[in-house]
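Welcome, and thanks for taking a look at this structure. Here is a short briefing on a sheet and some charged pairs, to read with the model open beside you.

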Amino acid sequence: MTPNISAEHERLKINSTKDVPLEKWGPYLSERQWGTVREDYSENGDAWNYFPHEHARSRAYLWGEDGIGGISDYMQNICFAIALWNGKDPILKERLFGLTNEEGNHGEDLKELYYCLDNVPTHYYMKYLYKYPQAAYPYNDLITKNKLRSKQEPEYEILDTGVFNDNKYFDVFIEYAKNNSEDIFIKIEIINRSHEMAPLIVLPTLWFYNRWQYGGLTTKPSIERLDNQSVHIYHERSGEYYLYFQTPDELFFTENETNFSKLYGSPNITEFVKDAFHDAIIENKNTEHLCHNKQGTKCAPVYKISLEAGHSKTIFLRLSNEPISIPFHDNVQAVFDQRKAEADEFYTSILPRNSSADDANIQRQAFAGLLWNKQYYHFDVERWQQQTDGITPVSFSRLEGRDYVWKNLKNQDIISMPDKWEYPWYAAWDSAFHAITMAMIDPVFAKNQLVLLMREWYMNPEGQLPAYEWDFSDVNPPVHAFAALEVYHIEQKMTGKGDISFLKKIFQKLIINFTWWVNRKDAMGNNIFEGGFLGLDNISIFNRNIPMGDGNVLEQTDGTSWMGMYALNMMDIALEIAMHDDSFEDAATKFYEHFVIIAEALNELRLWNEEDHFFYDVLNAKGHDPFPLTIRSVVGLIPLFAVSIIHKEKISELNDFKKRMAWFKGYRIANNKYLPSEEISGEEHILLSLVHKDRLILLLQRFLDENEFLSPGGIRSLSRHYLDHPYTVTLAGVDYTVQYDPADATSSLYGGNSNWRGPVWMPLNYLFIKALQKYGSFYNESLVVEYPTGSGKRVSLQEAGSLLRDRIMHIFRKDEQGNRPVFGDYNWFYKNENSELLQFHEYFDGESSRGLGASHQTGWTALVANLLQLENLR
């Protein structure tokens, strides 16, 4: 990295002094508000059907807004996005379309093509590309064909429909360049990619989040026409703004109010309703009425254009908090050029100097996707339960239904989301991985995100972190201590100084969460932990979230291993703090001893199978001997994550910790008790791990076997062995089977919209590489393994980590033909002007490395940026 001297770094310094390190304006608009739990006031908790896509254009949201390539202020009072019509669609394109969980043969799925091309942490420069077909959008075709497909078939995607054939589409580029924090230039460039002329109507739309419908404002905000090129905006919370635009063909005003008459046959509050622009453009209704209206809470200049083949049209707008007599000077493009140059300078200081152009593009678009996935998230569970949406009355089923115990949860923050369409809500363990990548470009915001989830309006009084809105009480893997350490070390490397204050702050909160785990997820008090599905959805033979009942307990290798890793991470944090504040030495000792006890349970109490040389879950069924579920999945590899090196310098300075560690070790040896792997190198560094060296070697034989876990694109979630040898077990007269499914799920277990029975998942592969890096830096050349297993080639563990990283990067890199494995059979589309476009999927095919699941999961798949940044592991 070069010194941090760019204009963007200077702006980040200013933001770091704020209570919340954010720009007022950013890409905080969701890409899907419909179909969310927040908008679900039904009695049966059917969020997808209670507020479907068909209602979204006509019905005012209660908890947020959505749009295409949009922005908002950080409280989402004022929103801006684009709307489009190609002259053929049945719907004004104001938001992205996708299938609900019931409509998709593999669950909910976005059916659009868009790309996050560029962004910087302060959002002074942003660029987004939406691809809009010139034919009628195939809504019904996508729904019908996906419903007809079985779970054994792939999803029917937008590129399968033919609407993008022969380049018959528009590229719609949306760029933002800030003059200052509250003065934003907007550029919309439309390119006709087809070989013939095509018409398009563009509506750059400004509107307010409707808080007044539930009494959230004392004064209704307003957008008022000043002239044919500007409007005045007033909001009691955000203040005054002006939107300037080039002369449109028409200027529409309406209200962001539900069209009760259309949806429910009841009277409207006002004659101007949310879907008025749709009616005017699609059905030519009340157009003159909208033009004569001079104010409202939703406004759009209307541009009607016809583009010759290959031609383009550019529309400029400007959103500012100041009145400006000449909003567009002669060279308005210069503002965009300057901010783009500053973005280039910023990323040049971050990208590895020896990066290829392809790798630099992969990393930059990963960062862009991560930043575009920032979203305003608003949810007050208590208010949601006790109030009506004006359509459905309050019901007992909601008062005692989903999330009813989370009345403390009152969220209203900007949060890094997994994917703003498929997952427009935070997930606890996803958020931890987001922070690791965010730390490379905005460590202050990364720290803010980790601490935020620990605050009292998120964490419940017992110490549990909220999982996600579909069930806040679900349990995600406890990876936040690991993430805190990663963020700390990334910032330390960047700035030369570690933020001990941050470690202290988050450590205190993590202690509360760790205690919750110990008290709630160790049913038998033997330091073997449960936890349910633990983020791995369908990886088990049955839904691990369902209580076993009748005294039965599933003792989980992954739950126990995550807790061993948690204890070790907490020890590492305490040791780091203790180097500056010796009052934390006792805490380090406590977590070291807890780690030893968990390691004993994992290795001594049935979870290790000596015959298979693997860790398995064990079912303790009442009246029966413990029964191991002998499925080789990543569950049995997670013990590898718990590894730490205590350097000689720390040991020599922390005498109390050193003495206590020696006493505890001596006591256990004297009493013939188990000790975890604890080795001392020639430099007197100490390696601590859940897995002893002999078992490490045995696990790595399967781990690095291409017939088991090692795929062309990384480590699979389930052994390939089960492709031809499915695992079946009979429990209580019911047969359960697990088979290797390298792509989408073939079962409906846990919703069926993700699959942990074969595909490659980025966060676990990142953890594997980090673990190999640690083992390798300790053992160096003294421990070598066969890579791949059976090849006869032996490498160090650092070399193995480097080779694994290369396999993961292979997913996104171009091959000699210019194809990227991530696009699979759709590489035909990603040629010529599309050749540099990327998508970062939720998970990847265990055979072909094709992207699967959510297509914009940057999100945790942005960890590819960290992998590119890792020092050479060889």
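A residue counts as buried when its relative accessible area is under 20% and as exposed when it is over 50%, with partly exposed in between. Keep in mind that this is a predicted model. With those cut-offs in hand, let us turn to the sheet and then to the salt bridges.

**The sheet**

- An open sheet is built from 6 strands, which follow one another in the order β1-β2-β3-β10-β16-β14.
- The pairing in this sheet is antiparallel.
- At the edges you will find β1 (25-26) and β14 (250-254), each of which pairs on one side only.
- For a reference point on screen, look at S72, which has C79 of β3 opposite.
- As background, the strands of a sheet pair through backbone hydrogen bonds, and they may do so in a parallel or an antiparallel way.

- Across the whole structure, the search turns up 52 salt bridges.
- One of them joins E23 to K178, with 3.2 Å between the closest N and O atoms.
- This pair links distant parts of the chain: E23 sits in the loop between α1 (7-15) and β1, while K178 belongs to strand β8 (residues 169-180), 155 residues apart.
- E23 has a relative accessible area of 4%, so this residue is buried.
- K178 is buried too, because its relative accessibility is 2%.
- D109 and K111 make another salt bridge, and here the closest N and O atoms are 2.5 Å apart.
- Both of these residues, D109 and K111, are buried.

**A salt bridge between two helices**

- E600 pairs with R668 in a salt bridge whose closest N and O atoms are 2.9 Å apart.
- Because E600 lies in helix α17 (residues 585-604) and R668 in helix α19 (residues 655-670), the pair ties together parts that are 68 residues apart in sequence.
- Is E600 buried, partly exposed or exposed? Its relative accessible area is 23%, so E600 is partly exposed.
- R668, on the other hand, counts as buried, because its relative accessibility is 5%.

Note on methods. Residues numbered from 1 in each chain as written. Predicted model: local features only at pLDDT ≥ 70, side-chain atom pairs only at ≥ 80, totals over all residues. Heavy atoms only, no water. Pairing = 2+ DSSP bridges. Helix = DSSP H or I, 4+ residues; strand = E, 2+ residues; numbered from the N terminus. Salt bridge = Lys/Arg side-chain N within 4 Å of Asp/Glu carboxyl O. Buried < 20%, exposed > 50% of the residue type's maximum accessible area, 1.4 Å probe, protein only.
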